[in-house]
Structure formats: structure tokens, C-alpha cells
Amino acid sequence: MAVAALLFQSCATARIAGEIIDFKITPEKGIRPGTIVSVEVLTTAAVEKVYGYLDVMGSPKIPLKYDSSRGVWAFKYMIPVTFAVPKGEFTASVEAVTKSGEKYTASKKVSTH
């Protein structure tokens, strides 16, 4: 879960071509233990699954859940109070998988400070 915490530590919106239309992470910066972070991904109807991850070795792909009332794939997580967030810059990514198995990714730099 530590890697999951780092994935969602910046706020920005990236307009993406293909099956990923919008990729948003909040809060913007200055993530600290106890902060609630969230990810929202807007996709086309062809997408069946969406995963989020950090582009670092050993980072798991975390499945996002589809929120049908808002029409977005979402993930919300509170950074544990006991977790020490390492300072630095990372690349957060999302991967959308269509019903036919095609994969589309979107990435952005995120910073811990």
C-alpha cells in the first residue's frame, strides 16, 4: 500500500488521446501522512478495466473501481499516519484495458513536495 500512496500524490488533469479521455489525481502536492488522495479516470465505453501504478520497480497495478453514477473509474486512499512518504519525483500511470484486450496508458510526473 505504500506504493499506492505514492501513486496518488499530485493533482493535475491530463487530456489523453485514445480510450483514456481524462486522468486526474488529487491533491496537487505536499502529500503527507493522513492525506486522502484520489484518482479519477474518464474512459470510453470500450474500456473494461483500469489500473493505476507508479513507474518504479515492484509497483503493483492497483485496480480502480467503476463509479457508474459519475461515469468514471475511481480510487480513494488515505495515506497511513505512520507511513513516511519519501521525497522525490515519480511517474504515476494509469492503464485502461478494452474489452478486446487493447491497452492504453496515460502518465504524469508527481512530486512528494
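Strands (E, at least two residues) and helices (H or I, at least four) are DSSP runs, numbered from the N terminus. The model is predicted: local features need pLDDT of at least 70 and side-chain atom pairs pLDDT 80 or more, while totals for chains, interfaces and linings use all residues. Residues are numbered from 1 along each chain as its sequence is written, and side-chain values use heavy atoms, without hydrogens and water.

View 1. Ile36 lies in strand β3 (residues 36-43). With a relative accessible area of 49%, Ile36 is partly exposed (buried is under 20%, exposed over 50%, partly exposed in between; 1.4 Å probe, protein chains only). Together with Met78 and Val81, Ile36 makes a nonpolar surface patch of about 300 Å². Patch residues have over 30% relative accessible area and no salt bridge, and nonpolar side chains are joined within 5 Å, like charges within 9 Å. A salt bridge is a Lys or Arg side-chain nitrogen within 4 Å of an Asp or Glu carboxyl oxygen. Areas come from the Shrake-Rupley method with a 1.4 Å probe.

**View 2. Strand β4 and its partners.** Seven bridges pair β4 (residues 47-54) with β8 (residues 89-98) in the antiparallel sense; pairing requires at least two DSSP bridges. Opposite Lys49 stands Val97 of β8. Strand β5 (residues 62-63) is joined to β4 by two bridges, also antiparallel, and Ile62 of β5 is the bridge partner of Gly52.

**View 3. The largest nonpolar core.** This core has 24 residues, and those with the most contacts inside it include Phe23, Val41 and Val94. Core members are buried Ala, Val, Leu, Ile, Met, Phe, Trp, Tyr and Cys residues joined through side-chain atoms within 4.5 Å. Among the elements giving two or more residues to this core are β2 (20-26), β7 (72-78) and β9 (103-111). Strand β8 gives the most, four residues.
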